[in-house]
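User: I'd like a close look at one part of this model, and I'm new to reading structures, so please take it step by step.
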Amino acid sequence: MKHDQPQLIDALASEYVLGTLRGAARGRFERWMAAEWHVASRVRAWEVRLMPLALRLPPLEPSAAVWPKIEARIAAEAPRMARRRPALRALAAALALCALFVGVYVVWQLTQPPSLQPIATIENKQGPALWSIELDATQQRLRAVALAGAVPRPGHSFELWALPSNKGAPVSLGVLPEAGQLEHKLSDAQRAALSGAAQLAVSLEPPGGSPTGAPTGPVLYVAPLKTHA
Amino acid sequence: MSNSAGASNKEEELARLIEACAARDRHALRQIYDLMASQMLASMMRILRRRALAEEALQEVFVSIWQRAAQFQGTRGPARIWLLAIARHRAIDVLRSERMELYREADIESLPQSTVEGMGDWSSAGRSAAALERCFEELSGDQRRGIELAFVNGYSHADVARVTGEPLGTIKSWIRRGLASLRACLER
């Protein structure tokens, strides 16, 4: 059916208001009316034209039982309607609470020493492991923990390197402790090198580390990096 | 106070009450009920014929007014007509169920009258009806009867054909031409 002819729309609107548009056509027309403002306006116009006919009928008082039933229906409806706004309030409260938790968590995280995850273990082929290399989640801080296998070599330092997967130059991650642990903040260059690395290496260097920024002594150990976030 | 001033005051009052319903004022719904329920029931009763059925539909209408009150402003139409239209459409929707159509067919067989009985005169419809009355006078008797039976009694084309004994096509034509004439007259 073509619905763009004003005369047809008007004829359908008039029969809809009159009540003679029945069956499936009535439902179709109501959907059309709900979707198209100009169709609805034709219906409004016909309601204004014809409704005085309904006003000619002598009024008929409803039984006393009708209003209490309406009131009960409205009251039953009310919590449902009322719930909408409280629902919004509850949502807002829940969001505020979430935000508070997130805030507290962030502050707690900032004030806590960052939790460090092992990213590599430097091992000899035999014997106990030498160092555990750990990194925090934000990749800001690196910690090297000397393990049972770490044996000092007098007159030397052990230096840790990030070996780029693209075979680029190793980047120093600092000197390793001979005992205990060393923790330091990574520079941007170190962080970038670490994130682009697949392996770590340890070289033997003069005390205090390589003077050139590149490994100068033999590479003693190579360890794969554990995948980290 | 003149009739039209009274009608216009009632109109403003109803519009205000519908808006109050949109703001969830239950007392306003009760006031609408006091002002309009008897008129709405009269209209629905003519269509549904059984009082229990009409009163049940009237309940639905007021719940619907309560739920749809916020939509009223958007219609930019008269409040009384908006309310009556909800009542009439509800009554016709109740009729639409097949069971009701069957019930009505049996009922209509027992209704010999082919005119709309028991109507008040036009003055009871208020001044807003004056133009419609004038234009109704211009219709042929058949056209007027067809439109009245359909609108007031809620008869379908087939119902009107049955009670008048005229062919269905003739009835459709009476009503279609009658509505077109009414519109042309009302727009003059």
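Which residue is the bridge partner of A:Arg143 in E6(A)?

Analyst: The partner of A:Arg143 in E6(A) is A:Glu183. Before we look around it, a word on the model: it is predicted, so local features need pLDDT of at least 70 and side-chain atom pairs pLDDT 80 or more, while totals for chains, interfaces and linings use all residues. Residues are numbered from 1 along each chain as its sequence is written, chains are lettered from A and ligands numbered from 1 in the order written, and side-chain values use heavy atoms, without hydrogens and water.

Now let's zoom out from that pair. Strand E3 of chain A (residues 141–146) is joined to E6(A) by 5 bridges, and the two strands run antiparallel. (Strands are DSSP runs of E with at least two residues, helices are runs of H or I with at least four, and two strands pair if DSSP finds at least two bridges between them.) E3 and E6 belong to an open sheet of 4 strands in chain A, ordered E1-E2-E3-E6 with antiparallel pairing. Strand E1 (116–122) and strand E6 (181–185) of chain A are at its edges; each has a single partner strand, so one side of each is left without a neighbour in the sheet. From one strand to the next, the twist averages 20 degrees, with axes fitted to C-alpha atoms (for helices, over the stretch in contact) and angles running from 0 to 180 degrees between N-to-C directions.

Chain A also holds an open, antiparallel sheet of 4 strands in the order E5-E4-E7-E8. Here strand E5 (171–175) and strand E8 (219–224) of chain A take the edge places, each with a single partner strand, so one side of each has no neighbour in the sheet. Neighbouring strands of this sheet are turned by 25 degrees against each other on average, direction ignored. Within it, strand E4 (residues 157–164) and strand E7 (residues 197–205) of chain A run antiparallel and are joined by 8 bridges. You can pick out A:Ser157 there, standing opposite A:Glu205 in E7(A). Helix H5 of chain A (residues 188–195) lies across E4, E5 and E7 of chain A, at about 110 degrees to E5(A).

Finally, chain A has a partner. Its contact (heavy atoms within 4.5 Å) with chain B takes 45 residues from chain A and 63 residues from chain B. Between the two chains there are 5 salt bridges, each a side-chain nitrogen of Lys or Arg within 4 Å of a carboxyl oxygen of Asp or Glu. One of them links A:Arg26 with B:Asp93, their closest N and O atoms being 3.3 Å apart.
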